[in-house]
Amino acid sequence: MSLSQRTLLHLIAISLLLPALLLAPMLTESSPLLATEQQQKQHQDQLPWLLHSNSGESSTTTRALSWLWPWSAADSRTDDANERALLAQGGITVVGPSTEESDIDSEAVLAEALDIDIDSHGNYIHTIAIRNNGRGNATAAKSEVRAPRRSLVLTHGYFAGVGFFFRNYHGLSQVDGWDIYAIDWLGMGRSSRPTYKGVRDEGDDRRAEHAEDFFVESLEAWRQRMGIDKMVLCGHSFGGYMVGVYALKYPQHVEKLVLLSPIGVPEAPRDLENMIWKGYEPVHRKLHPKEGEYRMTSNNEAPVYDGKPSWQRLLLFRTSVYMWDNNYSPQWVVRLCGPLGRRLVSWYIGRFSLLTDEQRRGMAAYAHQHAQLAESSASSLGDFLRPGGFARKPLVNRVPDVTMPTVFFYGSHDWVGHAGGEEIIKRIDGRVSTRIYHIPNASHNFHIDNPVVFNRYMIDEMTRVDEQ
C-alpha cells in the first residue's frame, strides 16, 4: 500500500470515528497473604512480554494529542474520584490507610482500592477488594490471622473497568465466607499501561496466543501476589474469553468458571469474507439447517446476500477492517477527538437506558477518564479476534476441555448469541457440572441492566461451589 493510500485511509478512519471501530458489536453488539519473593521472582522471569511500564509516559501520538488537547491528560494511579463516585452509587465506600473511622458510615460496605505490583518493571493490577463482607475495618493489618475464606474474582469486558460492577458489589459481598475482588486487566482501566506489541506477521495462532499471554500471565502474577490458591473466576465479554483461556492453562487455581456472555466462542462462518471485506449486508431469512451449514443464531437463521453493496457501505466496511487489523482502538478515537471525546463516550453509555441520569453520567465520566490514558492492551483486540468479532482461536474448540464446573450467563436481548455456550455445554457432555442462565429484561451488560436477578443467580453459584 502506497503512502498516499495509507494517508487517505487514515483520514477516512478519522471521519468515520466510533461507528467504524464498533462494527463487530453493531453487527451482532482477611487481607490476603502475599506470595513469597521467590515465587514472585520465578513468575516474573516467565513474563518476557511485559516491557517497562509506560504509565506516566507517552508515545509520540499521545504526546501530540496532549499538546492538541492539554486538558485530556489523566493519571491512573492518582485520579480516583470518578471511580469512587461510581462505586458510591452502588453503596460501596472506598477506604484507605488514611481513612478516619469517624468518616465511615456504620452501614457502609467497605472496599479497598489496591494497586498490586506484578513484576519488577513497575507494572501493577488495579484491584477492588471487599473482604469480611464489607464490614469493619477493610484495611486491617496484613498479618492479621483469620479463618480461610473463598474468593470470587470479577473481570470486566472491553472498554470497561472495575467500576462497571458497581451495581453488583453490595449484593455479592454479603455472602458469608467470601471475599470479592475485581481487577482492571493489565493495560486497561486504572492498571498500569505497559507497551503492547503484537506479532501480526507470525500467523493467526501465534498472534492470538501472544495477546492471550499478555492478559493470562498478568492475571496469574496477580493471583500469586495476592496469595489466592483457588478462586471462582468470572469474566464478562472480553473478560470471559480471557478467563476461559486462563482456566485451561491454570485449572488448579479455578474452583468454578463463570462466563458472562463471553466473546470469541463460535467459529467464524465460511462466508465471513463476504460479510465483512466485500461489504455485503446479510438479510436474515429462516432456512432449514443442513449438515455443515452455518447458523447465525439459535433460531436457525442464516445470512443470504441481496444485490451489490453501495460504495458508502463498502468504504465503511473496508475502512473498519483496515483499522481493526492495524490495532486501532475506540480509546484511540476518543483521545483523537479531544473535547468531543466525552460526547462520544456519553453517547455510548447512553445505551444503558435502565440506569438513572446520575448513574449514566457517572459511568461516562469513569469510562472517559480511562480512555484518556496511554494506549496499551486495548489495541490487542484485533490480535485474537478477526474483523466481525470472531476469535482466531474459538473457545468452542477449547473450553470443552475444562476440568471445573462451568456456568454461562446471557442477556435476554444480548448481541452475543447463546448458541456458543450451549454448544460448549453439549461438548462437555456431563464431565463436569454446567449451567446456562438467561437474564430477563437485559442486554449484553445484564449485570448492569438487571442486577437483582444477576446477583441472585450469581449468589446461587457461589453457594454451590463445592459441586463437581
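Analyst: Let's start with Phe 409, which counts as buried because its relative accessibility is 0%. Buried means under 20% relative accessible area, exposed means over 50%, and partly exposed is in between, using a 1.4 Å probe and protein chains only. Before we go on, note that this is a predicted model, where local features need pLDDT of at least 70, side-chain atom pairs count only at pLDDT 80 or more, and totals for chains, interfaces and linings use all residues. Residues are numbered from 1 along each chain as its sequence is written, and side-chain values use heavy atoms, with hydrogens and water left out.

Phe 446 is buried too, with a relative accessible area of 0%. Across the whole structure, a search finds 21 aromatic pairs. One of them joins Phe 409 and Phe 446: their ring centres are 6.3 Å apart and their planes meet at 20°, so this pair is stacked. Phe 409 lies in strand β10 (residues 406-411) and Phe 446 in helix α17 (residues 446-449), so the pair ties together parts 37 residues apart in sequence. For rings of Phe, Tyr and Trp (its six-membered ring), a pair needs centres within 6.5 Å; planes under 30 degrees apart count as stacked, over 60 as edge-to-face, and the rest as tilted. Helices (H or I, at least four residues) and strands (E, at least two) are DSSP runs, numbered from the N terminus.

Now for the strand that holds Phe 409. β10 pairs with strand β11 (residues 434-439) in the parallel sense, over six bridges; two strands pair if DSSP finds at least two bridges between them. Thr 406 stands opposite Thr 434 in β11. To get from β10 to β11, the chain passes through helix α16 (residues 419-428), and this β-α-β crossover is right-handed. That word applies if, with the strands pointing away from the viewer, the path from the first strand over the helix to the second runs clockwise.

Step back to the sheet. Its nine strands form an open sheet in the order β1-β2-β3-β5-β4-β6-β7-β10-β11, with mixed pairing. β1 (92-95) and β11 stand at the edges with a single partner strand each, so one side of each has no neighbour in the sheet. From one strand to the next, the twist averages 25°; here axes are lines fitted to C-alpha atoms, for helices over the stretch in contact, and angles run from 0 to 180 degrees between N-to-C directions.

What does "mixed" look like in practice? Strand β3 (residues 124-130) and strand β5 (residues 178-183) run antiparallel and are joined by four bridges, with Ile 130 opposite Ile 180 in β5. By contrast, strand β4 (residues 150-155) runs parallel to β6, again joined by four bridges, and Leu 154 stands opposite Cys 234 in β6.

α9 is mostly covered, with 10 of its 12 residues buried, including Phe 238, Tyr 241 and Tyr 246. Phe 238 and Tyr 241 also belong to a cluster linked by ring pairs, together with Tyr 158, Trp 185, Tyr 196, Phe 214, Phe 215 and Phe 384.

Finally, look at the loop between β5 and α8 (204-226), where Gly 189 has its place. Gly 189 counts as buried because its relative accessibility is 3%. Its C-alpha is 9.0 Å from that of Gly 163, 26 residues apart along the chain. The C-alpha atoms of Gly 189 and Gln 369 are separated by 8.7 Å, although these residues are 180 apart along the chain. Gln 369 is found in helix α14 (residues 357-371) and is buried, with a relative accessible area of 6%.
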